[in-house]
Structure formats: structure tokens, C-alpha cells
Amino acid sequence: ELTELRLQSNQIEALLDGVFRSLHKLQVLELYQNRLSELSAVIFQGLNSLETLLLQVNRMASIPAHTFQHLSRLQRLDLSSNRIECLCNGSFYGLVSLVELDLRRNKLAEIECGAFTGLVLLPALDLAGQGIRSVNEEAFAGLRSVRTISLEPVSYTHLAGDSQMTL
């Protein structure tokens with residue numbers, strides 16, 4: 001069965017729900033340098049063995065809650081160089097095995113409470129090259145293994161919430 005699928009640089013604009021459903025043994029999915037602007041919450045359903053998902057250099061502006069809920073074995077996720085403006089509660093729900101997350105060079109302005117919930121194995125978080133204006137005080141809650149968070153260069157207006165956060 002197919003274990004790697006490379007669809008990079010194909011000008012793909014959309015993915016139909018269920019397109020990967022029968023690829024149970026797929027471990028690597030490369031969709032970078034396309035024109036993807038959105039992902040549905042069921043697009044990755046059936047990819048039970050996926051370990052690497054490369055989505056950099058696309059046109060995604062948001063990551064809906066539960067988009068990655070079916071990817072419990074995913075270890076590497078690259079979302080760099082997209083147009084992501086906000087990380088919402090549940091954006092990375094289900095990614096319990098993730099150890100590498102690249103979000104550099106997006107247009108992040110806000111990080112909501114619970115955005116990184118469930119990323120218990122992630123050792124570092126690189127958010128460099130953003131225009132972050134607001135970070136909820138609970139945004140990084142649950143990141144038990146994170147030792148380094150890079151926000152440079154950053155010019156946030158405030159950290160939302162009642163208490164101060166040390167970064």
C-alpha cells in the first residue's frame with residue numbers, strides 16, 4: 001500500500017472530503033506550494049498512520065477546530081508561509097504525538113485560549129515572523145514539554161486575561 005504521497009507544487013486549490021479516506025498506511029503527505037485556502041474538519045479522516053504533513057506555502061487563513069483530530073500519530077506538521085491570522089481554540093486538537101510544528105511566516109495577529117491544547121510532546125514552538133497583537137493568557141496552557149517559545153520579532157499590544165504571562 002501507498003506510504004508516501006507527494007503532491008507539492010501542483011497548483012491544487014481544493015481537496016474534496018474523503019479524498020484520502022482509503023490511504024490507511026500513508027505516512028507522509030506533501031501538499032506544500034499549492035493554492036490551498038482551507039481545510040475541512042474531515043479532510044484527513046482515514047489517515048491513521050500519517051506521521052508527516054507538509055502544508056507550507058499555501059493560502060490558508062485559518063485552521064478550523066478539529067481539522068487534525070484524526071491524526072493521532074502525526075509527528076511533524078509544517079504550516080509555515082501561509083496566511084494564518086488566528087489560532088483558535090482546538091486548532092491542533094488530536095495531535096497528541098506531534099513533536100514538530102512550524103508556524104513561522106504567517107500573519108498571526110491573535111492566539112486564543114486553548115489554541116495549543118493537547119500538544120503534550122511538543123518541545124519547542126516557533127512563531128517567528130508574525131504580527132501578533134493579542135495572546136490570551138491560557139494560549140500556551142497544556143504545552144507541558146515546551147521549553148522554548150520564539151515570538152521574535154513580535155509587537156503585541158497586550159496579553160489578554162487577568163494575569164501576566166512571562167515569555
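How far is the sulfur of Cys 88 from the closest cysteine sulfur, and in which residue does that sulfur sit? Keep that in mind while we walk through the model; the cysteines are a stop on the way.

**Before you click**

This is a predicted model, in which local features need pLDDT of at least 70 and side-chain atom pairs count only at pLDDT 80 or more, while totals for chains, interfaces and linings use all residues. Residues are numbered from 1 along each chain as its sequence is written, and side-chain values use heavy atoms, with hydrogens and water left out.

**Colour by confidence**

Start by colouring on pLDDT, the predictor's confidence in each residue, from 0 to 100. The protein averages 89, and 91% of its residues score at least 70. Now select residues 155–160, where pLDDT stays under 50. The model has 18 contacts beyond four places in sequence for residues 155–160, a contact being heavy atoms within 4.5 Å. Move on to residues 162–167: pLDDT stays under 50 here too, with 10 contacts beyond four places in sequence. Where pLDDT is low, the predicted coordinates should not be read in detail.

**Zoom out to the whole chain**

Switch to cartoon view. Along the principal axes, the C-alpha atoms fill a box of roughly 50 × 30 × 20 Å.

Of the 167 residues, 42% count as buried. Buried means under 20% relative accessible area, exposed means over 50%, and partly exposed lies in between (1.4 Å probe, protein chains only). Among contacts between residues at least 6 apart in sequence, 54% join residues at least 24 apart.

**Step into the core**

Select Phe 44, Leu 55, Phe 68, Leu 77, Phe 92 and Phe 116. These touch the most other members of the largest nonpolar core, which has 45 residues. Such a core is a set of buried Ala, Val, Leu, Ile, Met, Phe, Trp, Tyr and Cys residues joined through side-chain atoms within 4.5 Å.

Centre on Phe 92 next. Beyond four places in sequence, its contacts include Phe 68, Leu 77, Leu 101, Ala 115 and Phe 116.

Then go to Phe 20, in the loop between strand 1 (4–6) and strand 2 (28–30). Is Phe 20 buried or exposed? Phe 20 is buried, with a relative accessible area of 3%. Show its surroundings: leaving aside neighbours within four places in sequence, Phe 20 is in contact with Leu 5, Leu 15, Leu 29, Leu 31, Ile 43, Phe 44, Gln 45 and Leu 47.

**A strand stop and a loop stop**

Thr 52 belongs to strand 3 (residues 52–54) and, at 16% relative accessibility, counts as buried. Not counting residues up to four places away in sequence, Thr 52 touches Gln 27, Val 28, Leu 29, Leu 74 and Arg 76.

Ser 80 sits in the loop between strand 4 (76–78) and strand 5 (86–87). Ser 80 counts as buried at 3% relative accessibility. Beyond four places in sequence, its contacts include Gln 56, Val 57, Asp 102 and Arg 105.

**Back to the cysteines**

Select Cys 86 and Cys 88. A disulfide is counted for a pair of cysteine sulfur atoms within 2.5 Å, and the count comes to zero. The sulfur of Cys 88 is 3.7 Å from the closest cysteine sulfur, in Cys 86, which is too far for a bond. Cys 86 is buried, with a relative accessible area of 15%, whereas Cys 88 is partly exposed at 27%.

**Last stop: two backbone angles**

Most residues other than glycine have a negative phi. Look at Ser 9, whose phi is positive, near 55°. Ser 9 lies in the loop between strand 1 and strand 2 and is partly exposed, with a relative accessible area of 44%.

Finish on His 66, where phi is also a positive value, near 70°. His 66 is in the loop between strand 3 and strand 4 and is partly exposed at 32% relative accessible area.

Conventions. Helix = DSSP H or I, 4+ residues; strand = E, 2+ residues; numbered from the N terminus.
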